[in-house]
Amino acid sequence: MGTIIEEAQEGKVPPAVKAAAEREGLDPQALLQYIAHGSATVMVGGKRAVGIGRGFSAKVNVNIGISTVRSDLAAEVRKAAVAERYGADTLTDLSMGGNIREIRGAILRGTALPLTTVPIYQAVVDAGGIDYLDADIILDTLRRQAEEGVSSFVLHMTDEKTLEALRRSQRVLGVVSKGGSITAGYMLHTGCKNPFLEHFDEVMEIARKHEIVISLGNTMRGGSIVDGGDAAAAVERRQNIEIADRCHQHGVQVIVEGCGGHVRIDRIPLCVRLYKDASPYPLFVAGPLATDRAVGHDDIAGAVGASVAVSAGADYLCAITPAEHIGLPTEEEVKQGLIAFRIAAHIGDTVRRGSDDADAALSACRAELDWKGQIEQAIDPERLTALVPDSGPCSMCGDYCAIKIMREYLSRGD
Ligand code: SF4
């Protein structure tokens, strides 16, 4: 049996494509060409298939996972449940502490959402540090995680050319990608090539066998709005697009990560278009944070940048919580970041998909002071339910509700 891409190329509708399309009320047959071409992917979890890219709505990922400092398996499982409840499309487990396999198993059992990992995280922990990593440990980690039911791998394809460009750059913050820096650290310590490129055929074999979506990491994202868009970022963009082509030729679904981190707001559309005009693949963006100064409120700075990124064509967002740059988020902070990014994805989609029907539907309810209808149309119905009156004007203007006044006075002329 072929992979999802190969089946689509033969004109067959794979069950996962059908399921992902039906979740969004789309025609699977119409999406087939995008899957075949690589401009859309379907990430298949144990219980849910999620469409990402052309034809599908913009999606939001939530990061969870134990760090080496804070280790509470139950709390991370609760965060996964919160993310699913409040509308996350996918989860990424970034665990680097505790029993990584155990937490992943608990998350996989406790959620219907597709789960992504950054396998180099577990590989470096299992090896006992960057200096002890080797290619066998890395490939073995990929194999084991795939067998456990992970849906997607983030692989950082940093190579010598990218590192050379980085050495010449004048960045304030250098590299802020953990997976990218571990991969680069391994290369610099051992003198070996990038492990995922050196063993590309084996990586492809694992991905094909388990229908893993490869997400090409954004090692060279800026950690400050003055850092992005330099030569190192340009080398990585070209490199990731070339590797995405190779994945696609192997029948492996691929997503390119780019324009993430911190990006000045006027540069976001330009950055997105550099990717989207050069390749068909779905673009995954972490943030981007439109300012470095919103520490403690980075969900807001990220959502502002993300709405611009999706408007320009980005397909998939990684939610940023208010705890970004500070610590592991709480359940409440996971929820806040997710809701902010779901709003950003929707704002972006009104442009990306050229439709304001959903907004018009809410406004029609607002015009009728129909609170129940507004709750049904709202991105966060739970919050609205707690705040609004059962009927009539709200407490903002009370008896002088503009909607009520105009309706009454206009009808007097009838
Ligand atoms: S009372 Fe004011 S804010 Fe509330 S529904 Fe009427 S016009 Fe809108």
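How many residues lie between E1 and E2 in the hairpin that they form? To find out, select strand E1, residues 40-44, together with strand E2, residues 49-53, and bear in mind throughout that this is a predicted model. The two strands form a hairpin with four residues between them, and they run antiparallel, joined by five bridges. Within this pairing, Val42 stands opposite Gly51 of E2. If you now look at E2 by itself, you will find a strand that is mostly covered, five of its five residues being buried.

Next, select helix H7, residues 135-148. Its 14 residues should span 20 Å at 1.5 Å a residue, and the end C-alpha atoms are 20 Å apart, which agrees. Colour Ile138, Thr141, Leu142 and Gln145, which are the buried residues of H7. They lie on the same side of the helix, because they cover an arc of only 100° around its axis. Then turn the view to the face of H7 that points away from this buried side, where the exposed residues Asp136 and Glu147 are carried.

From here, move on to strand E6, residues 152-155, which is covered on both faces: Ser152 and Val154 are buried on one side, and Phe153 and Leu155 are buried on the other.

Now select helix H15, residues 331-352, whose 22 residues should span 32 Å at 1.5 Å a residue; its end C-alpha atoms are 30 Å apart, which agrees. After H15 comes Gly354, with a positive phi near 60°.

Zoom out and colour the chain by the domain assignment, which gives domain 1 as 4-352 and domain 2 as 357-412. The centres of the two domains, taken over C-alpha atoms, are separated by 38 Å.

For the last stop, select the ligand and show the residues around it, namely Leu369, Pro393, Cys394, Met396, Cys397, Cys401, Ala402 and Ile403.

Technical notes:
Residues are numbered from 1 along each chain as its sequence is written. This is a predicted model: local features need pLDDT of at least 70, side-chain atom pairs count only at pLDDT 80 or more; totals for chains, interfaces and linings use all residues. A residue is near a molecule or strand if its C-beta atom, placed from the backbone, lies within 6 Å of it. A residue is buried if 20 or more other C-beta atoms lie within 10 Å of its own, exposed if 12 or fewer, and partly exposed in between; C-beta atoms are placed from the backbone. Two strands pair if DSSP finds at least two bridges between them. The expected span of a helix is 1.5 Å times one less than its number of residues. Domain bounds come from an automatic or database domain assignment. The arc is that of the directions from the helix axis to the C-beta atoms.
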